[in-house]
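Thanks for coming. I have one structure to show, and I will keep to the ligand site and then one residue.

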Amino acid sequence: MGPPGAGKGTQAERLVKKFGMKHLSSGDIFRAEKASDSELGRKLASYMDAGQLVPDEVVVEMMAKAVTQAGDNIMLDGFPRTVAQAESLDEQLAEAGSPLDAVVVMTANDDIIIKRITGRRTCPACNRGYHVTFMPPKTEGYCEDCDDVELTQRSDDCEETVRQRLEAYRAQTEAVIGYYRDRNLLKIIDVDGNLDAEIVSGEVIQALASFEA
Ligand code: AP5
Ligand code: MG
């Protein structure tokens, strides 16, 4: 969990490789639906491009399906984002007999967030993330892992929309961290997302290693 640009996707990419987990990003799932230009995709776009949260009933239905399909050993990224979503996820995981093990909470300062988000680029083929300054590809504008694929910028990555997303995070999502902190059996891993990505990965890997089978 963490605000936009804290590095959730960047760290999730690294951690799933390290631990052989499945990465489930609600944002990526919604962007794929958006790209299909379906009626649902257009509905998602109307919230996402305004920097607002997608309504809970839509999120819960889509993510419940994705979690069921993925099975266990999942790294969730961007979900749950409201207490209602967290409660619904708890119910689903309890029924499946596979509750959450840990929550990684990442922080980042607003000025860093704005720089990271406005400079982010993504490969449309493999979804690998880059940053024009902080994590540039070897050849400017092109994915390192794919042949001749140009990087793209997310439609919600302008400064104005990022500020809306930050507001939504503070108003609706921060409470979910409190919801998880109140649990005795859940491991909470707090990391400073302002730091170098390698340092952040190292800290989270060390904390998560205790869950390795
Ligand atoms: P989502 O896709 O989840 O976006 P977000 O939460 O705003 O987070 P980001 O993906 O922007 O940031 P990130 O933390 O993943 O950062 P990244 O690692 O890429 O959601 C998008 C929208 O979908 C929402 O606004 C909402 O409308 C909707 N939505 C999704 N889930 C929902 C839900 N559950 N309920 C309701 N609505 C929902 O890093 C950013 C950049 O910084 C990259 O360029 C990266 O290279 C760079 N970087 C990362 N870490 C570092 C570092 N340590 N040092 C230097 N650069 C770094
Ligand atoms: Mg992300």
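How do the residues of the shell around ligand 1 divide into nonpolar, polar and charged? There are 15 nonpolar, 11 polar and nine charged ones; Ala, Val, Leu, Ile, Met, Phe, Trp, Tyr, Cys and Pro count as nonpolar, Asp, Glu, Lys and Arg as charged, and the others, Gly among them, as polar.

A word on the source: this is a predicted model, local features need pLDDT of at least 70, side-chain atom pairs count only at pLDDT 80 or more, and totals for chains, interfaces and linings use all residues. Residues are numbered from 1 along each chain as written, chains are lettered from A and ligands numbered from 1 in written order, and side-chain values use heavy atoms, without hydrogens and water.

Of the 35 residues around ligand 1, those that come nearest are Thr10, Gln52, Arg81, Arg120 and Arg165; near means a heavy atom within 4 Å.

Now some atom pairs. An N or O atom in the Arg120 side chain is 2.6 Å from a ligand 1 oxygen atom. For the side chain of Arg116, an N or O atom lies 3.3 Å from a nitrogen atom of ligand 1. The elements that give two or more residues to the shell around ligand 1 are α1 (8–19), α2 (26–35), α6 (110–118) and β5 (129–131). With four residues, α2 gives the most. Helices are DSSP runs of H or I, at least four residues, and strands are runs of E, at least two, numbered from the N terminus.

Last, Ser25, which sits in strand β1 (residues 22–25). Leaving aside neighbours within four places in sequence, Ser25 is in contact (heavy atoms within 4.5 Å) with Arg31 and Asp77.

Definitions and conventions:
Polar contact = N/O pair within 3.5 Å; in protein donor to acceptor, adjacent residues only side chain to side chain.
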